[in-house]
Amino acid sequence: MDHLSVQEYYGETLQSSQDLKTNACCDAEAPPAHIRAILGDIHPEISSRYYGCGLVAPSVLEGARVLDLGCGTGRDVYLLSRLVGPSGHVIGVDMTEAQLAVARGALDWQMARFGFETPNVSLLTGYIEQLAALPIEPESIDVIVSNCVVNLATDKRAVLQGAFDLLKPGGEMFFSDVYADRRIPDELRADPVLYGECLSGALYSGDFLRLAREVGFAEPRRVTSRTLSVDDPEAEAKLGDIRFVSETWRLFKCDDLEGSAEDYGQHVTYRGGVEGEEEQFVLDDGHGFTKGASVRVSGDTFALIKASRFAPYFDFDAGDGLHRGAFANSACCAPKPKATGSSCC
């Protein structure tokens, strides 16, 4: 599938989320209260043309420089602009002018709604497979987000590599997307509806993990996962036994990772203070840190948190530094329950 077909699907075929034929490009997550309040202040035309499959609003964003890959009409751009505040900045990039026109048309309205005297949003036309061509300096971005768009890219490796190159050391790519339980046959990738609905362009989960590590994201961390049911008889007949999940992942740019769970006797203690996660901070679906509790963690988890923007909210105990072999998860490091369910439209 080429760029032109995707542009036509999202610029002309889809005029609102009600035009979707399947439930893949839908978000089933219930946002926390502070996010829900911001979403209530998003321009109604933008909200009606939202095609995401997850919540890409990670915590600790005030003052951050954020890039949204495939921003569409700007729902997440404006959500993030409120979270980064007047001292931060959000850049949205998309290749479909019809969608960007909606986002640009709402800029003054949204800034007034948020009470910002100076816009903290930039909207760029471009391809997410060609991030180096954008007027953005390498290693200048704190956080990169994307919401159900990487599956539409013609070159997934290029997207991940471009994101890695733009992130600052310690920066993060936090994104939601659709994944398949096997590699999709070429004839299904050529189907404009299946591709446009975020299904036949989906990466095989194993290929995603391999690509992420190859471009430099040593230890991908899954945040949420839910099974998708297509709920369209024609699409289901074409797809056969292929199964899909919608997942949110976080990829950190950190040089001090081994890419494996090794035990060095290290501990971290969450001090609290993160908005919406005052009592428990969730790093991924295997790591939830309760305020005030000292938790033994692997060397990679220790290094990852310490290099990230979350470090000021933690105390770190490096221990004696002796290697104790493979790390066994501590019972006090409670995993976040996985989301379940399917249809959200």
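Which residues have the most contacts inside the largest nonpolar core? I will come to that after a word on the model.

This is a predicted model, in which local features need pLDDT of at least 70, side-chain atom pairs count only at pLDDT 80 or more, and totals for chains, interfaces and linings use all residues. Residues are numbered from 1 along each chain as its sequence is written, and side-chain values use heavy atoms, with hydrogens and water left out.

The overall picture first. The protein chain has 12 helices and 13 strands. Helices here are DSSP runs of H or I with at least four residues, strands are runs of E with at least two, and both are numbered from the N terminus. Of the 345 residues in the chain, 56% are buried. Buried means under 20% relative accessible area, exposed means over 50%, and partly exposed is in between, with a 1.4 Å probe and protein chains only. Taking contacts between residues at least 6 apart in sequence, 80% join residues at least 24 apart. A contact is heavy atoms within 4.5 Å.

Now the core. A nonpolar core is a set of buried Ala, Val, Leu, Ile, Met, Phe, Trp, Tyr and Cys residues joined through side-chain atoms within 4.5 Å. The largest one has 33 residues, and Val 66, Tyr 78, Leu 79, Leu 83, Val 121 and Leu 123 have the most contacts inside it. Two or more residues come from each of helix 2 (33-39), helix 4 (75-84), helix 5 (97-105), helix 6 (107-114), strand 3 (121-125) and strand 4 (141-147). Helix 4 gives the most, at six residues. Not counting residues up to four places away in sequence, Val 121 touches Val 77, Tyr 78, Ser 81, His 89, Val 90, Leu 107 and Met 111. There is also a second, separate core, of 32 residues, which includes Ile 91, Leu 131, Ile 144 and Ala 163. As background, nonpolar side chains in soluble globular proteins tend to be buried together.

Next, helix packing. Two packed helices are described by the angle between their axes and the distance between the axes. The axes are lines fitted to C-alpha atoms, for helices over the stretch in contact, and the angles run from 0 to 180 degrees between N-to-C directions.

Helix 4 and helix 6 pack at about 35°, with axes 11 Å apart. Their crossing is right-handed; the term applies if the near helix is turned clockwise from the far one by less than a right angle, and left-handed if anticlockwise. On the helix 4 side we have Tyr 78, Ser 81 and Arg 82, which meet Leu 107, Gln 110, Met 111 and Phe 114 of helix 6. By class, that contact has four nonpolar, two polar and one charged residues. Ala, Val, Leu, Ile, Met, Phe, Trp, Tyr, Cys and Pro count as nonpolar, Asp, Glu, Lys and Arg as charged, and the others, Gly among them, as polar.

The other pair is helix 7 (residues 156-166) and helix 10 (residues 205-215), whose axes come within 9 Å and cross at roughly 40°. The two are therefore oblique to each other. On this scale, angles under 35 degrees are roughly parallel, over 145 roughly antiparallel, 65 to 115 roughly perpendicular, and the rest oblique. The crossing of helix 7 and helix 10 is right-handed. Helix 7 contributes Lys 156, Arg 157, Leu 160, Gln 161 and Phe 164, and helix 10 contributes Arg 210, Leu 211, Ala 212, Glu 214 and Val 215. This contact has five nonpolar, one polar and four charged residues.

What is the phi of Val 60 near? It is near 60°, a positive value in a residue other than glycine. Val 60 is in the loop between helix 3 (44-48) and strand 1 (65-69), and is partly exposed because its relative accessibility is 23%. Arg 49 is found in the loop between helix 3 and strand 1, and counts as buried at 9%. Glu 139, in the loop between strand 3 and strand 4, has a positive phi near 55°.

Is Ser 200 buried or exposed? Ser 200 is buried, at 0% relative accessibility. Its place is the loop between helix 9 (192-196) and strand 6 (203-204). Leaving aside neighbours within four places in sequence, Ser 200 contacts Ile 184, Leu 188, Arg 189, Asp 191, Leu 194 and Tyr 195.
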